[in-house]
Amino acid sequence: MMNVSKCSKCLNVPDDILMLTCSHDLCLLCAAKSFSQQPSKRSKKFFVCDICSSNTELDANSVYELEKLHLTTALQDRSNRKPASQSKSNIQSDKQLKPRSQNRQENKENAKEKPIKYTAQTMEARVSVHQSQRNMSKQQSENSFIQNSRGMCVDHPEEEVSYYCFDCNSKCICPECIIHGIHKNHEVKTIKKSYPIVRKQLEDQLEQNNQCIIQVENQKQELEKKQIQQQAIQDHLRLQIAQEFQALHQLLNSKQSELLEKVDNQPTIMEQQDGYMNRLNEVEFKLSNFNEKINDVIDSKDECGLLNYYGSIYGQPTPQIPPLPNIKEVQLSNQIFSQINDVKKLIGGLDIDCNQ
């Protein structure tokens, strides 16, 4: 499970956090406040850290979320300040009577109660904004209903509208539409009686839409959390794969050195052939000397000497040609390449499963 960082400014552990490249992570409330206070001439694609002044590039969704969060908190603070301004004089008079030590104590308690989870605060802010919008739209609809005229019927332009059909839920109709028109025998009510009924239905629809908006925002937050976690998992996998293959490269280099050393330590074909050649030369040298002595004895024409020489060498073995040595070069190379093929099969059989 991934550890969640604390906010570098308020030191809280929020549900959502803005991760900066300078490692100074901020909760979204602190990030939205800092982002709103940055100079307007600066590009909105970059977030300037208040602690180290380093830049972090933001995508369009992050910029939109920070600006929207700042707007909702500003509207909430503005709505909270309105009732407080009415009793401002009483609060100031009470503060003047309180000792400084009590004021300090109250400030400390307020500072402890200030950190609030991002999700709860944003939901309350959204509900407050939707409530104010609903009140404004209700007031505007009532004013427009009072000020504007009802208008004329679409099907009967000479008749003024005064009814509403609940079976068709179309535009307002005139009495002629009910008596002789397509709305005959339908459930109809006067505009005055229909207005609160339809307004209640629209208010219910508005409340349902607000709940859906909150659910959508919550799902977006969950998806953003999962995206951050998935990105962290992918970064960890990349690092682990790089480390494992680095160790594998070292192992392969060590195995290569070991095999080369085995080849270097084994007697080569040339060495064995040179030894055999020396033995052949030695036999040839002995036979040549033997032939020279025989020729000398024959050329001397000394009958007694020839017989004596023959009697001295009779029964002695004649130098023989040594047998050809058994060179196992093919078997040695087969053994080495068999080990190399085993390593190739091991690497080729790696089965990487990223879902584990």
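**Confidence, salt bridges and aromatic pairs in a predicted model**

Over residues 84-101, pLDDT stays under 50, and the model has three contacts beyond four places in sequence for this stretch. Here pLDDT is the predictor's confidence in each residue, from 0 to 100, and a contact means heavy atoms within 4.5 Å. Residues 111-123 also stay under 50 in pLDDT, with 17 contacts beyond four places in sequence. Where pLDDT is low, the predicted coordinates should not be read in detail. The structure is a predicted model, in which local features need pLDDT of at least 70, side-chain atom pairs count only at pLDDT 80 or more, and totals for chains, interfaces and linings use all residues. Residues are numbered from 1 along each chain as its sequence is written, and side-chain values use heavy atoms, with hydrogens and water left out.

The protein averages a pLDDT of 75. A score of at least 70 is reached by 69% of the residues. Confidence is lowest in helix α3 (residues 88-97), at a mean of 45. Strand β5 (residues 163-165) has the highest value, at 93. Helices (H or I, at least four residues) and strands (E, at least two) are DSSP runs, numbered from the N terminus.

Helix α7 spans residues 191-265 and includes S194. S194 counts as buried, at 3% relative accessibility. Buried means under 20% relative accessible area, exposed over 50%, and partly exposed in between (1.4 Å probe, protein chains only). A polar atom of the S194 side chain lies 3.3 Å from the backbone oxygen of K189. Neighbours within four places in sequence aside, S194 is in contact with Y164, F166 and K189.

Two of these contact partners, Y164 and F166, are treated below with the aromatic pairs. The structure holds three such pairs. One is formed by F35 and F47, which are stacked, at 6.1 Å centre to centre and 5° between the planes. Rings of Phe, Tyr and Trp (its six-membered ring) pair if their centres lie within 6.5 Å; planes under 30 degrees apart count as stacked, over 60 as edge-to-face and the rest as tilted. F35 lies in helix α1 (residues 28-36) and F47 in strand β3 (residues 46-48), so the pair ties together parts that are 12 residues apart in sequence. F35 and F47 are both buried. The pair of Y164 and F166 is edge-to-face, because the ring centres are 5.3 Å apart and the planes stand at 85°. Y164 counts as buried at 15% relative accessibility. F166 counts as buried at 16%.

A search of the whole structure finds nine salt bridges. A salt bridge is a side-chain nitrogen of Lys or Arg within 4 Å of a carboxyl oxygen of Asp or Glu. Several are described here. In one of them, the side chains of E222 and K225 meet at 3.9 Å, N to O. Both residues, E222 and K225, lie in helix α7, three residues apart, about one turn of the helix. E222 is partly exposed, with a relative accessible area of 41%. K225 is partly exposed as well, at 22%.

A salt bridge also joins the side chains of D235 and R238, at 2.9 Å, N to O. D235 and R238 are placed three residues apart in helix α7, about one turn of the helix. D235 is partly exposed at 39% relative accessibility. The side chains of K255 and E258 form a further salt bridge, at 3.9 Å, N to O. K255 and E258 are three residues apart in helix α7, so about one helical turn separates them. K255 has a relative accessible area of 29% and is partly exposed. E258, at 34%, is partly exposed. Salt bridges also link E65, E217 and K220 in a network.

The UniProt annotation "coiled-coil region", from an unreviewed entry, covers residues 199-236. UniProt positions are given in the numbering used here, feature names are shortened, and annotations may be inferred rather than shown by experiment. In the model, residues 199-236 are 100% helix and 0% strand. The end C-alpha atoms of this span lie 55 Å apart.

K286 is placed in helix α8 (residues 269-300). K286 counts as partly exposed, at 43% relative accessibility. K286 and T318 are 32 residues apart in sequence. Their C-alpha atoms are 9.0 Å apart in space.

How values were computed. A polar contact is a pair of N or O atoms within 3.5 Å; within protein, one must be able to donate a hydrogen and the other to accept it, and residues adjacent in sequence count only if both atoms are side-chain atoms.
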